[in-house]
Amino acid sequence: MEKPMNKFSVPASELNKQKEYTELVRTVLSSRFPSGKPRAFVHTYGCQGNVADGEKLQGMLYEMGFDFTSDVNSADLVLYNTCAIREHAEDRVFGNVGALKPIKKQNPDMIIALCGCMTQQQRVADKIKNSYPFVDIVFGTHVAHRLPEFIYRSLCLGKRVFETADSDGNIVEGLPVKRDGTFRAWVPIMYGCNNFCSYCIVPYVRGRERSRDFDTVVSEVRSLVASGYKEINLLGQNVNSYNKELTADRQFPALLRAINEIEGEFIIRFMTSHPKDCTRDLIEAMADCKKVAKHLHLPVQSGNNRVLSEMNRHYTREKYLSLIEYAYELMPELSITSDIIVGFPGETYDEFKDTLSLVESVKYTSLFTFIFSPRYGTKAYDMDDPVSRQEKGEWFNKLVALQEKIAGERTSSMKGRSYRVLVEDKAKHDGILSGRTQGNVIIEFEGDEGLIGSFADVRVTNPRTWIVYGELV
């Protein structure tokens, strides 16, 4: 019996139409570049979800006949896959797009395209249309699978393309993927977000929560492991919500258990995990599954209940700490990391001190810390914000100093112990390799480059605050 189509699934007829555009673009490009392939420069900003999207964009470009370059000056097509999480990210994109104007002047046939979360916002799309007339293609997050069509329209019709219609979102299976690495793979399991945290633009640009088919995800991971991938990163705006409308045997803890059963030596990581949907079932699955990294990224954002309520986070400090307590009980060696916003509108210094006390209690391995950045279109954008940037900076520095102290204590406890690490790259110094422990701590050690992409046992000899140094066992 044929499986019913997910209401968010893009129909096969639409995907077949894009395959036809792919062939048309390939034909046009082969006539315009008879002595070689055109070159595409693709740059992705932001989160790992964006990285996964970027790999699909590269896959489509490759099938259209493009090669790739890391030099924007030699590119025939420039594609920026943008991020909207903070204002700084938008400023960087506009700066880099502005720098393309003289390059385009020298190469008028160059195609410049922008996509991603930033361009899904209508005010941004309008700004590009009016202030950056040399940009050829702008499309949002919900129509990325139509890239072949957009490039064909730009090549053959010579008109600017703007496709940023709002949508609840979709799921597109079967797109080609050109991965950036050979041993680490990004695997989205769901898209979108229903939480509407008052500071966050993501639900407005990524659409509603929608989960990929359970068996499709397991099959994709099995294929990746068979191809030699050693680290599988399961991605979602909130992985804990995966298939939450279905029975427990199809939800996220069950997915971890199913992937853990796949034969082969590999490690499973996931992000991001929302505390309101983090369950004991998930923590138990992490503890039971040997291949699941004993690392939990659980963004708390604030340690004060009033602030958490204003953030629309739907959990309390007490619930968060009870989850942490249970996780440490089952996995004493668990590494926990988090995100914290300093200076949310209306936050007082006494409320910020609740965050400091929570950090002291949890003993995080590391933190991603940010001073509040207002995002147009969110509820927090219009909130009264009486605390100065300078004062928030002082709070921020206190948080960073506390976390440095805690991190130093944690890494010191690693001295003399051995860890199984995935060797990822060469370090800055000759003959030194870099990898990560299960707990996501960077470790550097002497070794042959042939170890990159494989597992090795390393004993810690010299722990520092954020990086530890060791030797092969």
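Tutor: A search of the whole structure finds zero disulfides, a disulfide being a pair of cysteine sulfur atoms within 2.5 Å. This is a predicted model, in which local features need pLDDT of at least 70 and side-chain atom pairs count only at pLDDT 80 or more, while totals for chains, interfaces and linings use all residues. Residues are numbered from 1 along each chain as its sequence is written, and side-chain values use heavy atoms, with hydrogens and water left out.

Cys-115 is in no disulfide, and the nearest cysteine sulfur, which belongs to Cys-117, is 9.4 Å away. Cys-115 counts as buried because its relative accessibility is 2%, where buried means under 20% relative accessible area, exposed over 50%, and partly exposed in between, with a 1.4 Å probe and protein chains only. For Cys-200, the closest cysteine sulfur is that of Cys-197 at 6.1 Å, which is too far for a bond. Cys-200 has 14% relative accessibility, so it also counts as buried.

Buried residues lead on to the nonpolar cores, each a set of buried Ala, Val, Leu, Ile, Met, Phe, Trp, Tyr and Cys residues joined through side-chain atoms within 4.5 Å. The largest such core has 57 residues, of which Ile-232, Leu-234, Phe-252, Ile-259 and Phe-270 touch the most other members. Apart from this core lies another, of 27 residues, including Val-78, Tyr-80, Met-110 and Tyr-132. In soluble globular proteins, nonpolar side chains tend to be buried together.
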